[in-house]
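Open your viewer and switch to a cartoon view. We will go from stop to stop, selecting one piece at a time.

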Amino acid sequence: MEKLKFERPVINHINAGVPDKFGMGTAIQPISHIDDISVEDLLNEYGSPLYVLSEKTIRETYREALSAFKTRYPKVQFAWSYKTNYLNAVCNIFHQEGSWAEVVSGFEFEKALANGVPGSKIIFNGPDKSNEDLERAIQHGSLIHIDHFDELYEIMAVAPKTGKKAKVAIRVNMDTGIYPHWDRFGFNYENGEAWTAINKIMPNPDMELIGLHTHIGTYIMTPNAYAVATSKLAALTVRIQMKYNHHLKYLDLGGGFASKNTLKGAYLPGSDTCPSFDDYAEAITGALINSDIQYEHMPTLFLETGRALIDEAGYLLGSVLANKRLLDGRRSLIIDIGVNNLFTSFWYEHHIVPARIKQRDTEDTTIYGPLCMNIDVIRQAIQFPVLEKGDRVVIKRIGAYNMTQWLQFITYRPNVVLIDAEGKTHIIRENETHESMNALDRIPQHLKEIQL
Amino acid sequence: MKIKKNIAVSENGFLFDPNSGESYSLNKTGQLIVKLISEGKTESEIIEVVKEKYEVETTSLQRYLDDFIMMLQQMNLLEKEED
């Protein structure tokens, strides 16, 4: 007699009385391929864990966002937020699509220049700009978004030395009706600080105020907050027109659009609740069109969207290291992806699935990373199929921030692979090695020898 | 190793523990193993029976069985072993 196919024995506790009122599906859909390339093949070729980015998804997402805005308001310019993902290949995809660069440090400024972005198409944000940074930005004709008065005074001092007029905008923070209200960056709108800053810039012969900037927060679920922000920036624009007969070239609404990831503590998944590009575009362009800015002087709309443009295109692939039982009987799964590779797991319930499923039964599982640290938790509680050592797992939507905020801790950072539009794979950042990690270490002479 | 006396298992793998009022579901292999335990079979006998019926090698089966028995203990479905 032919033997039956074996399934590992499973016993599951039945939880009656707490049905999910939204009827959310619990079925797990494995991800075996990314852009038609097998997860198993990718891991065999490039090692585990592995970051994978889909060029096709990046371009499609960008075009979707651009079209949402351009169909409503013709003068739109995106600037790629370097801090979200500054791997050069990724930046250049956005630059090929027409994005300028939005940088927040001298380091990122240098990266953008090296990628071939003309200085005049670099937006320089952030509270940390050294004298040298400011001088270089003025020389290159970059757009300097002033964060605080000390920076404003610094530009007043530095600009005359360059012989050029500094092209500036101020960052404005404001109450848009949402919590938290970010007041630590830029000049406040409501208390008149922003207007004071404008009145210091306008008469200064070494500065030209060409725009206004705001960035109201991150992972904003309420498109209307952008409408409020746009109206307030438009009101300032009109006031500048009235007082100085000066027309601003652009309004920069920053970033902060939510990606489809699920925040910790959220009841519904981000994929169901996150607003679409059309929702944001409708709010922003609607407020702009309805503002009192003179028709012939309508400014260009700048957007610095990062997360929502890249998160979806990134995957983190890994392997199961072990299964363990916790004291309360819960299963724990140890995988080779830790919080060092997945910084965003501190605030997201990341979508993690196996590359293939041998058995449909799931168990309440905690997924841990490989670090010898208690904080290394990828998912605290998830219904997950029982996997075996060596089985592959895929974490979706990790393209934003993980390849910039990653931590080099107890091991080498892995390869990053890009799947191009034709389905070819390219390493776009090599894994670290003992040599590359040690290259920056210096040992003083008296510590060179040890005897044990 | 013994399943507690008053525990009821239905034909389609529904297990009820009247001591706690809790219900559990078993898959086919889980059901077979619970049946074998209640028939008083030892671990090695269980492995023999399962291997006869299913395509599985001893090492992995041993691993799964250990894990499954730990779950039964955790869920308080086994009689405490006499010292």
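**Stop 1: a strand, a helix, a strand**

In chain A, select β9(A), helix α6 (residues 149-162) and β10(A): together they make a right-handed β-α-β unit. Keep in mind that this is a predicted model.

Now keep strand β9 (residues 143-146) of chain A and β10(A) on screen. The two run parallel, and four bridges join them. Show A:Ile146. Which residue of β10(A) stands opposite A:Ile146? The residue there is A:Ile170.

**Stop 2**

**Stop 3**

How many of its eight residues are buried? Eight of the eight are, so β10(A) is largely enclosed by the rest of the structure.

Colour the two faces. On one side sit A:Ala166, A:Val168, A:Ile170 and A:Val172. On the other sit A:Lys167, A:Ala169, A:Arg171 and A:Asn173. Both faces are covered.

**Stop 3: helix α8(A)**

Select residues 223-244 of chain A. This is helix α8, with 22 residues. From its first C-alpha to its last, α8(A) reaches 32 Å, close to the 32 Å expected at 1.5 Å a residue.

Show some side chains. The buried residues of α8(A) include A:Pro223, A:Tyr226, A:Lys232, A:Leu236 and A:Ile240. What covers the buried residues of α8(A)? The cover includes β10 (166-173), which you have already visited, along with α7 (193-201), β12 (207-213), β13 (250-252) and α10 (277-289), in chain A.

Step off the end of the helix. A:Asn245 follows α8(A), and its phi is positive, near 50 degrees.

**Stop 4: chain B**

Hide chain A and select chain B. Look for three helices and four strands. Trace them from the N terminus: the order is β-β-β-α-α-β-α.

Zoom out for the overall dimensions. The C-alpha trace of chain B spans about 35 × 35 × 20 Å along its principal axes. Finally, colour by burial: 20% of the 83 residues in chain B are buried.

Terms used:
Residues are numbered from 1 along each chain as its sequence is written. Chains are lettered from A and ligands numbered from 1 in the order in which they are written. This is a predicted model: local features need pLDDT of at least 70, side-chain atom pairs count only at pLDDT 80 or more; totals for chains, interfaces and linings use all residues. A residue is buried if 20 or more other C-beta atoms lie within 10 Å of its own, exposed if 12 or fewer, and partly exposed in between; C-beta atoms are placed from the backbone. The expected span of a helix is 1.5 Å times one less than its number of residues. Two residues are in contact if their C-beta atoms, placed from the backbone, lie within 7 Å. Two strands pair if DSSP finds at least two bridges between them. A crossover is right-handed if, with the strands pointing away from the viewer, the path from the first strand over the helix to the second runs clockwise.
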